[in-house]
Amino acid sequence: MSNKKINSSWIKSNLLTLFYALVIALIIRTFLIQPFFIPSSSMEPNLLVGDRLFASKFDYGYSKHSFPFSLGPISNRIFSNVPDRGDVIIFKPPHTNLDYIKRLIGLPGDRIEVQNGNLIINSNLLEYENIREDSKVLKNGRVIKINVLKETLPNGISYEIYNYLDGSPGDNTKEFVVPENHYFFMGDNRDNSNDSRFWGTVEFNRLVGKAQIIFFSTEDGSTILEFWKWPFDIQFNRLLKLIN
């Protein structure tokens, strides 16, 4: 066999291997799990800038938004399961096809309102408990002290939130009535989250997956290519941390 035929066979074999690997990766990403990167502080103190997490794609079923670039061939959601209040979910908000991650606060039929920074669901003020004090460095370099609160939803799910600025834009809202087949989302960092308080509810079909576990994390989001910052930026205490 000539060298030319050997080279041609080697190239074809490697191209097929690459193709199969890409197909398998696409199937896993679309139907099983998908990695996501946290670029903002909107879910602090539970998710930090630089966290990398896995989201399960099968919890709520599949829609066209389960596929890359929302180009799936599915018109309606299939194998659907309704989410639970308190789930941390990746979704596409109504105004963009970018991925957002927030906590599910309101279910279809709920009446949601925020007054003086406190969340009210169906006319009932949620329970709050003062947990501890954190230090936070703002973008301008100023360091502030934050009282971390534990918020408890009507179904008993509890989690920590930041709510450190009086009179921030989302501290007082109108009453939202969540339509059928829609959900209301909020970030755990209540004073620095672009969420349903500002652009409304999210249709069920636009849910992408449920956040499950942090598999890797770097301080302030340093990338894998910034090797000179390693291992100093790796946040070892956050590796393999389950998401509440």
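Student: Which residue lies over the face of Phe204, and at what distance from the ring centre?
Tutor: Arg77 does, at 4.8 Å from the ring centre. A charge sits over a ring if NZ of Lys or CZ of Arg is within 6 Å of the ring centre and within 35 degrees of the ring normal. This is a predicted model, where local features need pLDDT of at least 70 and side-chain atom pairs count only at pLDDT 80 or more, while totals for chains, interfaces and linings use all residues. Residues are numbered from 1 along each chain as its sequence is written, and side-chain values use heavy atoms, with hydrogens and water left out.

Student: What sits over the ring of Tyr159?
Tutor: The charged end of Arg103, 3.9 Å from the ring centre.

Student: Ring pairs next. How many aromatic pairs are there?
Tutor: The count is 11 aromatic pairs. Rings of Phe, Tyr and Trp (its six-membered ring) pair if their centres lie within 6.5 Å; planes under 30 degrees apart are stacked, over 60 edge-to-face, and the rest tilted. The planes of Phe54 and Phe215 are at 25° and the ring centres 4.2 Å apart, so this pair is stacked.

Student: Where do Phe54 and Phe215 lie?
Tutor: Phe54 is in strand β2 (residues 51–56) and Phe215 in strand β14 (residues 207–217), so the pair ties together parts 161 residues apart in sequence. Strands (E, at least two residues) are DSSP runs, numbered from the N terminus.

Student: Which residues do ring pairs link into a cluster?
Tutor: Phe91, Tyr100, Phe185 and Trp199.

Student: Change of topic. What is the strand order in the open sheet of 4 strands?
Tutor: The order is β7-β6-β5-β11, with antiparallel pairing. Two strands pair if DSSP finds at least two bridges between them. The edge strands, each pairing on one side only, are β7 (124–125) and β11 (176–177).

Student: How many bridges join β5 to β6?
Tutor: There are 4, between residues 111–115 of β5 and residues 118–121 of β6. Val114 stands opposite Leu119, and Ile112 is opposite Ile121. The hairpin has 2 residues between the strands, and Asn116 takes a positive phi near 55°.

Student: And what is the bridge partner of Ile112 in β11?
Tutor: Phe176. β5 and β11 pair over 2 bridges, in the antiparallel sense.

Student: Which residues of β5 are on its covered face?
Tutor: Ile112 and Val114; the uncovered face has Arg111, Glu113 and Gln115. In a regular strand the side chains alternate between the two faces of the sheet.

Student: How many residues has the largest nonpolar core?
Tutor: It has 14, and those with the most contacts inside it include Ile112, Leu119, Ile121 and Phe184. β5, β6, β10 and β12 (182–186) each supply at least two residues of this core. A nonpolar core is a set of buried Ala, Val, Leu, Ile, Met, Phe, Trp, Tyr and Cys residues joined through side-chain atoms within 4.5 Å. Buried means under 20% relative accessible area, exposed over 50%, and partly exposed in between (1.4 Å probe, protein chains only).

Student: Last one, Glu160. What joins its side chain to that of Arg132?
Tutor: A polar contact of 2.7 Å. That is a pair of N or O atoms within 3.5 Å; within protein, one must be able to donate a hydrogen and the other to accept it, and residues adjacent in sequence count only if both atoms are side-chain atoms. Glu160 lies in strand β10 (residues 158–162) and is partly exposed, with a relative accessible area of 23%.
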